[in-house]
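Hi everyone, thanks for coming. Let's look at this one together, and please stop me whenever you like.

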Amino acid sequence: MNLLTQYKTKILLCAALLLGLQACVTTTTSVFKKDDTAAAAYNVQLCIDYMRQNNLSEAKDKIDKALEQDPKSADAHFVAGILYDRINENRKADEFYSKAISIDSKNADYLNGYAAFLCRKGNRQRGEKMALKAADDPLYKTPQDALLNAGNCALDDGRPLKAEEHFRRALKFQPNFPPALMQMSELEFRSKNYLPARAFLERYQQYAPATAQSLWLGVRIERALGNMSAAEIYARRLKRDFATSDEAKALLELENNKS
């Protein structure tokens with residue numbers, strides 16, 4: 001899931017509020033505090049918008065302002081984590097993600113986002129635990145996303161059985177969740193359970209468009225089942241629609257080796 005899209009919907013855009021507060025600023029501390037909070041929220045939103053435009057210099061300027069205006073804003077710290085993650089400053093990203101969670105330790109979105117970061121950076125078991133904590137929050141609206149992250153962490157950590165457990169839990173929350181269906185198809189194929197692999201792939205195809213990954217998996221499953229005509233249909237689509245993909249190159253190597 002795209003973190004910028006996710007958090008764009010969750011952070012209040014305070015432009016109107018900010019303008020209203022600026023019009024009535026007095027010398028009282030409480031009004032200044034409200035003004036700073038609104039300004040920080042507005043700059044967080046601007047940071048997200050600039051990141052979506054790939055204007056990372058302006059994004060950094062806006063998030064720096066937000067953090068100065070409201071150092072206790074969990075949203076500002078989390079979005080700063082996303083920004084520094086994106087520019088590969090891992091230490092700073094980790095610090096900002098951690099700070100966001102220390103401010104709002106029950107926010108499942110923060111936990112899941114930080115979990116994905118940890119897993120990508122190799123801290124897989126910690127990331128898995130954090131993703132599971134997010135998934136176990138009864139108020140979290142998308143626990144399947146966190147369970148997918150937990151499964152990917154376990155899979156990358158060399159624990160396919162635990163990964164399968166997480167993916168199956170994700171499918172209990174959302175039976176038509178394409179990423180988990182694809183992962184289950186891959187796992188069943190690796191275990192040489194070719195019929196279940198085909199079934200998961202067919203379910204995936206009902207809810208998601210074809211990708212190079214899904215077509216290549218289809219080629220291998222059907223070849224393993226001895227259904228060469230179905231494998232050829234997948235192969236033609238892969239070469240036609242994703243000609244420059246790594247999967248298409250792997251297919252050509254397979255075909256050349258067979259000839």
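The link of Cys 119 and Cys 153 is right-handed, with 90° about the S-S bond. This is a predicted model, where local features need pLDDT of at least 70, side-chain atom pairs count only at pLDDT 80 or more, and totals for chains, interfaces and linings use all residues. Residues are numbered from 1 along each chain as its sequence is written, and side-chain values use heavy atoms, leaving out hydrogens and water.

How many disulfides does the structure hold? There is 1, a disulfide being a pair of cysteine sulfur atoms within 2.5 Å. Here Cys 119 is joined to Cys 153, S to S 1.4 Å. Cys 119 sits in helix α7 and Cys 153 in helix α9 (residues 143–156), so the bond ties together parts 34 residues apart in sequence. Helices are DSSP runs of H or I, at least four residues, numbered from the N terminus.

Are these two cysteines buried or exposed? Both Cys 119 and Cys 153 are buried, meaning under 20% relative accessible area with a 1.4 Å probe, protein chains only.

Now to the helix α7 itself. Helix α7 (residues 108–120) packs with helix α8 (residues 124–135) at an angle of about 160°, their axes 8 Å apart. Axes are lines fitted to C-alpha atoms over the stretch in contact, and angles run from 0 to 180 degrees between N-to-C directions. The two are therefore roughly antiparallel, the term for angles over 145 degrees. Cys 119 of α7 is among the residues making that contact, as is Met 130 of α8; contact means heavy atoms within 4.5 Å.

Key
Parallel < 35°, antiparallel > 145°, perpendicular 65-115°, else oblique. Buried < 20%, exposed > 50% of the residue type's maximum accessible area, 1.4 Å probe, protein only.
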